[in-house]
Amino acid sequence: MSTTGRCDGTVARAAVWAALDGVEDPELPVAITDLGLVRRLDIAHGHVRVGLTYTSLACPCTEMIRDDVAAALAAVPGVTAVTIDEVLEPWSRADITPRGRELLRAVAVV
């Protein structure tokens, strides 16, 4: 995963990643983490800040993805605030994890 970020220990980073792993792209049965949409993750004093990109600038599901991310992260123990930043970085098929590729092949998308 091409992510950067920091964590101060107030919230378990693994729990945050697990929550993000549970958020699927509404158009595909694949987690946003496997699609490579999470570009940054910072955790400080219970505040989680996520940088997200999308598969296209015209993605019709950006609001739905943001809402799902916010809800998933709010449920993580110790999280007191969530900020989601749109990161306007180009996305490509190269960003997809091997597991994501397997899942997409299973539904004949790649």
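Modeller: Here is the chain, taken from overall layout to single residues.
Modeller: This is a predicted model, where local features need pLDDT of at least 70, side-chain atom pairs count only at pLDDT 80 or more, and totals for chains, interfaces and linings use all residues. Residues are numbered from 1 along each chain as its sequence is written, and side-chain values use heavy atoms, with hydrogens and water left out.

Biologist: How many helices and strands in the chain?
Modeller: The chain has 4 helices and 3 strands. Helices (H or I, at least four residues) and strands (E, at least two) are DSSP runs, numbered from the N terminus.

Biologist: In what order do the elements run?
Modeller: From the N terminus on, α-α-β-β-α-β-α.

Biologist: And what is the radius of gyration?
Modeller: The chain comes out at 13 Å, close to the 13 Å from the globule rule for 110 residues, so it is as compact as a globular protein of that length. That radius is taken over C-alpha atoms, and the rule is 2.2 Å times the number of residues to the power 0.38.

Biologist: What does the C-alpha trace span?
Modeller: About 40 × 25 × 20 Å along the principal axes of the chain.

Biologist: What share of residues is buried?
Modeller: Buried residues are 37% of the 110 in the chain. Buried means under 20% relative accessible area, exposed over 50%, and partly exposed in between (1.4 Å probe, protein chains only).

Biologist: Let's go inside. Which residues touch the most other members of the largest nonpolar core?
Modeller: Val16, Leu20, Ile32, Val48, Leu52, Val69 and Leu73, out of 27 residues in that core. Such a core is a set of buried Ala, Val, Leu, Ile, Met, Phe, Trp, Tyr and Cys residues joined through side-chain atoms within 4.5 Å.

Biologist: Which elements supply at least two residues each?
Modeller: Helix 1 (13–21), helix 2 (32–35), strand 1 (38–44), strand 2 (47–52) and helix 3 (62–74). Helix 1 gives the most to this core, with 4 residues.

Biologist: Why would nonpolar side chains be together?
Modeller: In soluble globular proteins they tend to be buried together.

Biologist: What is valine 16 in contact with, beyond four places in sequence?
Modeller: Val11, Leu41, Ile43, Val48, Leu73 and Val76.

Biologist: Now the charged side. Where is aspartate 85, and is it buried or exposed?
Modeller: Aspartate 85 sits in strand 3 (residues 81–86). Its relative accessibility is 19%, so aspartate 85 counts as buried.

Biologist: What is aspartate 85 in contact with?
Modeller: Leaving aside neighbours within four places in sequence, aspartate 85 contacts Arg40, Arg49, Val50, Gly51, Leu52 and Arg66.

Biologist: Switch to glycine 100. Where is it?
Modeller: Glycine 100 is in helix 4 (residues 98–106). At 0% relative accessibility, glycine 100 counts as buried. Not counting residues up to four places away in sequence, glycine 100 touches Val30 and Asp34.

Biologist: And the loop between strand 3 and helix 4?
Modeller: Leucine 88 is in that loop. Leucine 88 has 71% relative accessibility, so it counts as exposed.

Biologist: What about serine 92?
Modeller: Serine 92 is also in the loop between strand 3 and helix 4. At 32% relative accessibility, serine 92 counts as partly exposed. Serine 92 and serine 56 are 36 residues apart in sequence and 9.1 Å apart, C-alpha to C-alpha.

Biologist: Last one. What is phi of histidine 45?
Modeller: Phi is near 55°, a positive value in a residue other than glycine. Histidine 45 lies in the loop between strand 1 and strand 2. With 67% relative accessibility, histidine 45 counts as exposed.

Technical notes:
Contact means heavy atoms within 4.5 Å.
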